[in-house]
Amino acid sequence: MAVTQVSSNKCSGGFQKVFEHDSTELKCKMKFAVYLPPKAETDKCPVMYWLSGLTCTEQNFITKAGSQVPAAEHGIIIVAPDTSPRGCNIEGEDENWDFGTGAGFYVDATQDPWKTNYRMYAYVTEELPKLINANFPTDPDKMSISGHSMGGHGALICALKNPGKYKAVSAFAPICNPLQCPWGQKAFSGYLGSDRSTWEAYDATALASSYSGPQLDILIDQGRDDQFLSASQLLPDNLIAVCSEKKIPVVFRLQPGYDHSFFFIYSFMNDHIKHHAKFLNA
Amino acid sequence: MDLYEIRGGRLDVIAEEAEHQELSRESTTMADGGARATRGVSTFQRFSVDTNESLIFEPWGDSLPSPTGAQDGHDDVFKEGETESEIVTTRNRLQGKVAEMENFASHLEEIFLTVEENFGRQEQHLEQHYNDVLQTLSQRYDDRAAGLEEEKKGKMEALYKQLLACGQAMDASKELIETAQEVYRSQDKRLLLKAVMPTIKRIEEFATEQVDLTLSTSLEFDTPLADLSDVKTMMDSINVVPAPSAPVINPQMPNSATQTSLRVCWSLFSDDTVEYYELYYRPVLEDTPADSTCAPHVSKVKVKETHCAVTDLLPNAQYELWVTATNTTGISPASEKTLYMTVPSPPVIKQRECTSCPEAALIRWESGNTNPVDSYTVELSEMGTDGAESGIAESVVAVPTCQCLIQLQTGRRYLISVRAVNIGGPSDRSDVITVSTTGTFFYLLEDTAHPCLSISEDGFTVFYGDEELPISAMALDDNNTFTRCVAVLGDLIPVRGRHYWEVEVDDGTEFRIGVASEDTERNSYLGANNTSWCMRHILTPSRHKYEFLHNGWSPDLRITVNPVRVGVALDYERGTLSFFNVDLEQHLHTFQCHFRNYVHPCFGLDNPGALTVHNRIEAPEYSFI
């Protein structure tokens, strides 16, 4: 459970740090970013996990999303892990930007050669929280999750698969129905095999239709000029339809003019942190 | 020893004792304890032994007595504090007594002087009076004596004249007798005969001449009865006081009037004795011309005291009053005329126009008086948890208009009432209104309601019926009424804080809920202009659509669960207006706008249906994150 500090920078009154550790789930060295708000110096703080999108490392979010100011304001620790195992020397892992390295899709792979290392779901829902709670001043009962694109998909499935575990969930331009989109089909067939029934366990839309558990309150922002929205990679309508039917509360905001970039994320980060704070600080 | 001296002596002791206490308090050495103990003992002695010796004050030595000194070998050391406080109490009591007695003495002195002065004045008065009487009497005597002298002189003169006449008659008869004797003695018969006849004739003549021998004047002096009645009156009036002088009517005292009565006071000159007073009064009617025939009737009250409560008057009205004093001697002139004013009728709080929020309440009322009053006083007291009125009361005075914004504490209950005030004083208090500072509370501004809207009796549910309205109702030319959007405004308190309310709607009702400035265009739809912000629910054949409209623009947003109870949170400070699904505690949308003008809640219905406003709800924590 040892962590090694890679970097530490004072930020927004607190500290933006990066650590490295040997992951047991992923069987490789993993980096993750932790933002410690000023409040963490004296108190236990809730934790928001941020799952990044395709090709990202722990760096993109902490350098581009502008999350530290509102996190400092609301006293929230933000943990941003990497998006996949790295340096596992699996054949073909670096061949595609949307599969393998940087594209773990937050699933536990069942197929060779991925199943040994590509266990991002277990990593972000089990190993990482334990590690964080053991090493940082956290309130273990107060955690929430958010993410962007593939990470948005990750956040949604983590919340839907673990009723009650996350106090709040939100997403930026999430891949809402990977079963139905090219990215999802490619990743899931690679990691999970051809049996589509196993895919449903990692599909937010499918999971929503069978969700039962404590009331969720999902905030989703989506840029209207997102090229992946028009490319039918994200399919938010499918999720909204199911949530409407299943009475799962979602506020879905289609933001005119915004694309899929961190510029879009940056623009609505405040709203999302506030959304998490409402539940984490309740 | 003289008792006074004893008292004085003791007082000195007390005074100096006090000084020494101050001194010893300043020194905070360890020895202080012992010193104080010693002092305690000696002080105790001074007050416990009532002998002259105990009054001798022995000044403290420069060196503090040793704590083990013979004096404090007693167990009194333990009573130090007790004794000291006892001394202080006794000293204070004595000082109080002395002050009281000094007061009394000066009072007595004053009375003595007054008595002496009055006595002197009375003496002077009596002397003056007696002099008057004596002068009158001597004058009368002189007059009378002069009269008698005159009368005597007249009588004497008359008698003298009579005496002279008598003398003459006697002389005449003597001469006649002598003549007769001469005739008789005459020897010459012829001469006798010659002379006898005329003599006889003369004698006969003389005999017929009656001599009046009665007194021509009466011997009695005509002395009429002296009329001393005026002297008697004068004598009597020594004991009878003069008619009083005009009393002095006092100006109106504060708090001496009620709605229908006035307490009037006046004073007399101290020399005057008065049997009773007559107080006259009449209303001063501003709109009545001076020469009007229907001049207000003058009323009169007879009282023995120098004060009187005049009753059965009009509220908030000016009265002209004057007073006369009467005693056995007569009636005084009337006093100056003075003006008094009855207090106003209590105001009437307009319950439906009162509004509140966690920090303040806006109370509105009707004057309750036809003519203007000077100001109003708003009184408030906090209500305890048990519903009883707590003693803590505050009031806001000199409120010039019929409304008042009062700062309050959050989460309490207050009882608020209003009084109208004029120079006569404050009126009775109005009916009490209960204000709770939990959440924001407002009624709907029914005069803004579109003619198609009807409002429930409690004022919180609005209905949009589907029956057609007659054109006459639509043509209502009241420029405050919404004419296009079937909407109504709420009367939100003008306080730039946080406000929260909830609206209960039906899943199938198309509504607009939000805020609008008071002067928002009445012929435009809520959210269609830049003076209104609202959440709009639209039913499309395929789904429920929600818009958050301002200036005709709404973000594109999808809500999966239809809210049936919408929370609206307005925060002036942060410039936000947020909407929530209350049942899910779900945030729906936040407008960012620095509301420069005050806004009112607005409620509109786009299809027949109803919505209910829920007020006085504590804002949930999540509503102002």
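Good morning. Chain B has six helices and 30 strands, where helices (DSSP runs of H or I, at least four residues) and strands (runs of E, at least two) are numbered from the N terminus. This is a predicted model, in which local features need pLDDT of at least 70 and side-chain atom pairs count only at pLDDT 80 or more, while totals for chains, interfaces and linings use all residues. Residues are numbered from 1 along each chain as its sequence is written, chains are lettered from A and ligands numbered from 1 in the order in which they are written, and side-chain values use heavy atoms, with hydrogens and water left out.

Let me stay with chain B for a moment. Of its 625 residues, 38% are buried; buried means under 20% relative accessible area, exposed means over 50%, and partly exposed lies in between, with a 1.4 Å probe and protein chains only. Contact means heavy atoms within 4.5 Å. Among the contacts in chain B between residues at least 6 apart in sequence, 69% join residues at least 24 apart.

B:Arg512 is in strand β22, residues 511-517. Is B:Arg512 buried or exposed? B:Arg512 is buried, because its relative accessible area is 5%. Its side chain reaches the backbone oxygen of B:Leu526 at 2.7 Å. Leaving aside neighbours within four places in sequence, B:Arg512 is in contact with several residues, including B:Cys485, B:Tyr525, B:Met535 and B:Asp606.

I turn now to the interface. Chain A contributes 21 residues to the contact and chain B contributes 15 residues. Together the two chains bury about 1600 Å², 55% of it on carbon and sulfur atoms; buried area is the accessible area (1.4 Å probe) that two parts lose on being put together, summed over both. On the chain A side, A:Val251, A:Lys274 and A:Lys278 supply 30% of the area that chain A buries against chain B, more than any other three residues.

Which polar links cross the interface? The rule finds six residue pairs in polar contact, both residues at pLDDT 80 or more. A polar contact is a pair of N or O atoms within 3.5 Å; within protein, one must be able to donate a hydrogen and the other to accept it, and residues adjacent in sequence count only if both atoms are side-chain atoms. There are also two salt bridges across this interface, a salt bridge being a side-chain nitrogen of Lys or Arg within 4 Å of a carboxyl oxygen of Asp or Glu. A:Arg224 forms a salt bridge with B:Asp556, with the closest N and O atoms 2.6 Å apart.

Three elements of chain A, namely α9 (236-246), β9 (250-255) and α10 (262-280), each supply at least two residues of the side that touches chain B. Of these, β9(A) gives the most, with five residues. Strand β9(A) also pairs with strand β25 (residues 556-559) of chain B, in the antiparallel sense, over four bridges; two strands pair if DSSP finds at least two bridges between them. In β25(B), B:Leu557 is the bridge partner of A:Arg253.

Finally, some backbone details. A cis peptide bond, with omega about 0°, joins A:Asp112 and A:Pro113. A:Pro113 lies in the loop between β5 (77-81) and α3 (120-135) of chain A. A:Asn89 is also in the loop between β5 and α3 of chain A, and its phi is near 55°, a positive value in a residue other than glycine. A:Asn89 counts as exposed, because its relative accessibility is 73%. Thank you.
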